[in-house]
Amino acid sequence: MHNVTLIKGDGIGPSIMDQAVKIIDASGAKIHWEEADAGMAAFNKFGTPIPDATLESIDRNRVAFKGPLTTAVSEGFRSINVELRKKYDLYANVRPAKSWAGVQTRYSDIDIVIVRENTEGLYAGLEHYLTSKRDIAESLAVVTRHGSERIVEYAFKYARDNNRKKVTVCHKANILKYTQGLFLETAKEVAARYPDIEFDSKIIDATCMHMVMNPQQFDVVVTTNMFGDILSDLTAGLVGGLGLIPGANIGADAALFEAVHGSAPDIADKNIANPTAVIMAGVMMLDHLHEHEAANKVKTALEKVIAEGKYVTPDLNSNAGVGTDVMGQAIIDAMA
């Protein structure tokens, strides 16, 4: 039995997470859910977005399954996602984007995995005002050889373990010669240890252009924190949007799985939210827990339901759109 900390989240979080949990339970996976609070709901209840009890649960279980959380923009409490990544050193953010049968997009054969460094770069949180008038602000990007090596190593190992053929390192070393230069230099050193995997490097702005013009040339893409954040949204757009994209945050001894979309408070409690992203995050979690048979059952059933297009939410089929709960039950029925 695997003990997993369950954080349902804010906005649409509870509705989509409830369906994901039902589907995972129906798959036969041996999961014991330990529910915990985080986000705005936790802040309103406990005065903090991350209660100690939630951290204690993750400390025990080392695996968490999380719905979207609401974080105040600019002034206000810290980002819960960033805080959790830092606390548990979840250095690898993995976001696969793959085309879905039944989802109409400009492309039909996309299969790209973004591997994003999750703890350094411009998102390290080292920023401050330079004047008492607060009219000049400065952010510091931190890139270390250790952080660069382990994320590139993760990307190449992921490629090898998942029968991928190519790893592309994205950077801006032509301008940021110290920070991005260190990342690229380290990436080349790691790549030399994986002669069986094709290695490529691209400047980030060129990457964006090529990804729109010819996305099929990309397989596994590894990059620094902010570039990875941007590229993962770009790849989401290629396959139908953030409602279809799962995310995994992996560390040496802990992991957190989540949808990468927001809490969408405008459609909360309307029973129309698409649960695909969190379900696929659940599939990634099941594979992480070596529940491969259950993971395959859930993925196959979800693909079948989306391809048929009959029992899916309105964003996937405006003509035949059903409620979140009906789509969840259809996926369970497809596993039978």
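This is a predicted model: local features need pLDDT of at least 70, side-chain atom pairs count only at pLDDT 80 or more; totals for chains, interfaces and linings use all residues.
Residues are numbered from 1 along each chain as its sequence is written, and side-chain values use heavy atoms, with hydrogens and water left out.

Between S8 and S9 the chain passes through helix H6 (residues 179-191), giving a β-α-β crossover that is right-handed, which means that, with the strands pointing away from the viewer, the path from the first strand over the helix to the second runs clockwise. S8 also pairs with strand S10 (residues 220-223), again in parallel, through three bridges, and within that pairing Val169 has Val222 of S10 as its bridge partner.

These strands belong to an open sheet of 10 strands with mixed pairing, in the order S2-S1-S3-S12-S11-S4-S5-S10-S8-S9. Strand S2 (31-36) and S9 are at the edges and have a single partner strand each, so one side of each is left without a neighbour in the sheet. From one strand to the next the twist averages 25°, where angles run from 0 to 180 degrees between N-to-C directions and axes are lines fitted to C-alpha atoms, for helices over the stretch in contact.

Helices pack on this sheet. Helix H3 (residues 52-61) touches strand S1 (2-7), S2 and strand S3 (63-66), and its direction makes about 155° with that of S1; contact here means heavy atoms within 4.5 Å. Helix H8 (residues 225-239) lies across strand S4 (92-98), strand S5 (111-117), S8 and S10, and runs at about 160° to S5.

H8 also packs with helix H7 (residues 204-213), at an angle of about 10° and with the axes 11 Å apart. That angle makes H7 roughly parallel to H8, on a scale in which angles under 35 degrees count as roughly parallel, over 145 as roughly antiparallel, 65 to 115 as roughly perpendicular and the rest as oblique. On the H7 side the contact involves Ile204, Thr207, Cys208, Met211 and Val212, which meet Phe227, Leu231, Leu234, Thr235 and Leu238 in H8. By class, this contact has eight nonpolar, two polar and no charged residues, with Ala, Val, Leu, Ile, Met, Phe, Trp, Tyr, Cys and Pro counted as nonpolar, Asp, Glu, Lys and Arg as charged, and the others, Gly among them, as polar. Leu234, placed in H8, is in contact with Cys208, Met211 and Val212 once its neighbours within four places in sequence are left aside.

With helix H1 (residues 13-26), the axis of H9 comes within 9 Å and crosses at roughly 40°, so H1 and H9 are oblique to each other. Here Ile16, Met17, Ala20, Ile23 and Ile24 in H1 meet Val278, Ile279, Gly282, Met285 and Leu286 in H9, and the residues divide into nine nonpolar, one polar and no charged.

Technical notes: Helices (H or I, at least four residues) and strands (E, at least two) are DSSP runs, numbered from the N terminus. Two strands pair if DSSP finds at least two bridges between them.
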